[in-house]
Amino acid sequence: MASERQEVVSSDLTTSGIPPPTDQQKELAIQAMQEFEKGQFTPCVNTMTKLGNQRGNDPKVLHNKAVASFYQSGACAVEDLKAALQTVCQMVSLTTYDPSDGVEDVDNAVLYYNQAVLNYHMRQYRAALHILEKGFHYIEPPDELLAQNVLLLWVELYLCVCQPEKALNMLAYLEKSLNSGKEAKTCERGDKGEQNKDAGKESTNTESSEMLRARLCLYKTRCLAMKKSMKSCKREIKTLVNTPGLAAGPTVQYLRAYFEYLRSSFRKAQKMLTSLPSTASCSPGESLPVMYYNNLGCIHYHLHKHHTGALYFRRAMMENEKIVKEVKSSQKGKPLHTLGVSRYYELMYNMGLQLLHCGKSSAAFDCLIQAVQVYQVNPRLWLRLAECCIMHNRENNDDDAKLEKRLRVIEGSVGSGIHRKIILGPGTGQDKALTSTNPPALPSLQLEFAALCLRNAVLLLPDDPLDSETSSTDDSSDGNKPNPEPVLVPAPPANPMRMVEVANLRCSILAASAYVALCLNDPLLALQHAENLLRQPRLSGAQRYVGNMYMAEALVALDRVADAISHLSPDTLTTADIITVPPEVKADPEKIDKNDKGEKEVMENLEDKVRMFHTAAPYPWIPRDLQKAKALMQHNLAVAHAVRGEYDKANKYLSEGSTNNGAPLPAQMYYLKLYLDLMEGRRQMAQSVIKEHFGHVTPNR
C-alpha cells in the first residue's frame with residue numbers, strides 16, 4: 001500500500017544560551033515564517049539570510065534557513081540539508097544524531113524529527129526508528145502539530161519494519177488524544193457570540209480533525225491487514241468505504257483488493273484490481289503502475305498461472321525502470337520523496353520466485369542473485385537460490401524415466417555372434433555440477449554453490465529448540481520467569497517470520513541439504529542432515545518420506561545396510577506420507593481466539609484449502625500418488641538387499657516396485673534388474689530384458 005508522505009518542518013527562534021532577538025529580528029522572523037507558510041520560499045530564504053547575518057551563531061536560524069532552502073530547491077537539495085543539519089548538531093553540542101546525547105533538550109525535537117524524515121525517505125527505517133524511540137520517549141514536542149507528525153511518522157515506520165502491533169498501540173494513543181482534545185474544546189466553548197466569532201476557525205479545525213481520523217483509519221486497516229485480523233480489517237474497510245472522499249481513492253481500493261487476497265479470494269481480488277486504472281496518480285514516492293502489475297503478478301502466482309504472473313512482473317519492472325528514468329531526468333536532482341521510489345530488488349525477488357515455479361531455473365537464479373545483494377539476511381532467499389541449483393541439475397524425479405536416460409542404460413555392443421559384448425552405460429549418478437571447475441563461492445548453477453547457500457540459510461535461522469532441550473528443562477524449575485516475547489526472524493522484503501514459519505523453513509532447508517550432500521558424495525553430512533530432519537516436530541508427510549529415503553541412502557553408502565533397511569518400510573506408507581501441506585495448516589484450532597469469528601471461518605475451510613493445495617501445488621510434487629511412492633521405496637529396499645547379497649529379497653522388492661511404478665520404468669530399475677539376473681545366473685532373462693527394451697543394440701533374431 002502507498003505510504004504517507006513525511007515532510008521536513010521548521011522550528012521557532014527561541015534558543016537558550018543565546019542573546020534574545022531584537023524587535024527588528026523578531027519582525028524578520030515573523031516575515032520569514034509568513035512567507036514560508038505561503039509557499040514563497042525564495043523570499044523566505046532572502047529574509048532568513050538577512051536574519052542570519054545578524055544572528056550567525058543561532059542554530060535555529062541556520063536550521064530554518066536550511067529548511068527553506070530545501071523547499072526552494074523543490075526538495076532536491078538533500079545533501080545540502082544533511083550537511084546543514086550536521087552543522088546544527090555541532091552548534092548545539094550534539095556530535096551525532098543519537099538522541100541519548102541530549103534527550104532532555106526539548107529544543108532538539110524538530111532536529112530529531114527532520115533527521116528521522118530523511119532516514120525514512122532513504123528507506124533507512126531502523127535508523128529512523130532509533131531516533132524516534134530513543135528521543136521522543138523522553139522529549140515532549142512543544143508544538144501539538146509536531147507531536148502529531150512525530151506519531152504518524154512513528155506509525156509509518158512500524159509498518160515499514162512489519163511491526164503492526166506496535167503501530168496499533170501508537171494509533172490507539174493518537175485516537176485517544178484526538179478524542180480528548182475534541183472533548184476539551186467542547187467544554188471550553190463560551191457563549192453564542194463567541195461561538196459565532198470563532199466559527200471559521202472551528203470549521204477549519206473540524207475539517208483537519210476529520211482528515212486525521214480518516215488517515216488513522218487507513219493506518220489501522222493496514223495494521224490489521226498485516227496482522228491478518230480478518231474480521232477487524234473488514235470492519236475498518238467498511239468504515240473507509242463509507243468515508244466521503246476516500247471511497248473512490250486508489251488507496252482504499254487497493255486495501256480492499258489486498259483484503260480479498262489475504263482471504264484467498266484471488267479471483268475477486270483480481271477483479272477489483274483490473275477495474276482500477278493502472279496509470280492513475282498515487283502519493284509521492286510511489287508508482288501506482290508498478291504496484292498494479294506487481295499485485296496482479298502475486299495473484300496469478302497463487303492462481304498457479306506462473307507464466308502469466310511472470311508477464312505481469314516483467315511489466316512491473318518496465319514501469320519501475322520508466323519512473324526511475326523520469327526521476328533521473330530532472331535537472332535539479334532527485335526530490336527527497338523519490339529517493340526510495342525504485343522497487344527493483346523487490347520485483348527481482350518476486351520474478352525469481354515466479355520463474356522458479358515456471359521451471360526456468362537459470363533465469364530464476366539470475367533474478368534471485370540480484371535480490372540477494374540487498375536481502376542477505378533472508379534465509380528463504382538462500383533456500384530459493386539452492387533450489388535453482390538443484391532444479392538446474394535435476395528438474396524432477398521423472399527425469400530418469402525419460403527415453404534419453406533409458407537409452408543410456410546400454411551404450412552399445414562390440415563383436416558379433418557368440419563374442420558379442422554389451423557395453424553398459426556409466427549410470428545415472430553423473431551430475432553436471434560435479435564437472436564444473438568454478439570455485440564453490442562463485443555464484444553459479446552448481447551443487448557446490450547450493451551447499452553454500454543452504455549453510456547460509458541455516459546460519460540465519462535461530463538456534464534449533466531441539467538442541468537446547470536439556471538446558472530449557474534445567475531452567476524450567478524457576479517458575480517466576482516471565483514468558484519471552486515471540487521471536488521474529490527478518491525475511492525482507494516479506495514480513496518477519498514467526499517461530500512456526502521458521503520451523504517449517506528449517507525442515508525444507510534440512511531436506512535440501514541432505515539431498516545436496518548425497519549428490520556431492522558426502523554421505524556422512526547427508527546422514528547428519530537427515531537425522532536432524534526426521535526429529536523435527538513439524539515435518540510434512542512428504543518431508544518425512546524423503547527424509548527416510550535420504551537417510552537410508554546415506555547409511556548404505558556408509559556400509560550400514562541393516563540400519564538403512566529399517567528406514568525403508570513401503571507397507572506402512574499412507575496417503576499422509578506424501579502430502580506437502582505443512583502441519584500447522586491442518587491443525588491448531590484451539591489456539592485461535594474464541595471471540596474471533598473471522599479466524600473460525602478460516603478454520604472451517606481448512607480441509608478445502610488442504611485439498612486444493614495438494615491437488616494444485618505451486619510446483620508438481622513427485623511421487624504424485626501412494627502407489628508411486630511405494631514403488632520408489634521398494635526399489636531402494638531392493639538396492640539395500642542387493643548390497644547385502646540377498647538377491648532373492650532384492651528381486652522380490654524390485655518386481656513389486658516395477659509393478660507399482662508402471663511403464664516407463666526409471667533407468668535405475670533396468671540397471672538393478674540386469675545386475676540381479678547376471679548375479680544369479682539368469683542370463684536368458686537378462687537377454688530378454690535387453691531385447692525387449694534395448695533392441696536397437698541387439699540382433700533382431
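Guide: What follows is a close look at one helix pair.

This is a predicted model, in which local features need pLDDT of at least 70 and side-chain atom pairs count only at pLDDT 80 or more, while totals for chains, interfaces and linings use all residues. Residues are numbered from 1 along each chain as its sequence is written, and side-chain values use heavy atoms, with hydrogens and water left out.

Two packed helices are described by the angle between their axes and the distance between the axes. Here helix 12 (residues 250-262) packs against helix 14 (residues 288-302) at an angle of about 15°, and their axes lie 12 Å apart; helices are DSSP runs of H or I with at least four residues, numbered from the N terminus, and axes are lines fitted to C-alpha atoms over the stretch in contact, with angles running from 0 to 180 degrees between N-to-C directions. That angle makes helix 12 roughly parallel to helix 14, a term for angles under 35 degrees.

Helix 12 passes helix 14 in a left-handed crossing, meaning that the near helix is turned anticlockwise from the far one by less than a right angle. On helix 12 the contact (heavy atoms within 4.5 Å) is made by Pro250, Tyr254 and Tyr261, and on helix 14 by Leu288, Met291, Tyr292, Asn295, Cys298, Ile299 and His302. Sorted by class, the contact of helix 12 with helix 14 has 8 nonpolar, 2 polar and no charged residues, where Ala, Val, Leu, Ile, Met, Phe, Trp, Tyr, Cys and Pro count as nonpolar, Asp, Glu, Lys and Arg as charged, and the others, Gly among them, as polar.

Elsewhere, the peptide bond from Pro492 to Pro493 is cis, with omega near 5°.

Methods. Helix = DSSP H or I, 4+ residues; strand = E, 2+ residues; numbered from the N terminus. Parallel < 35°, antiparallel > 145°, perpendicular 65-115°, else oblique.
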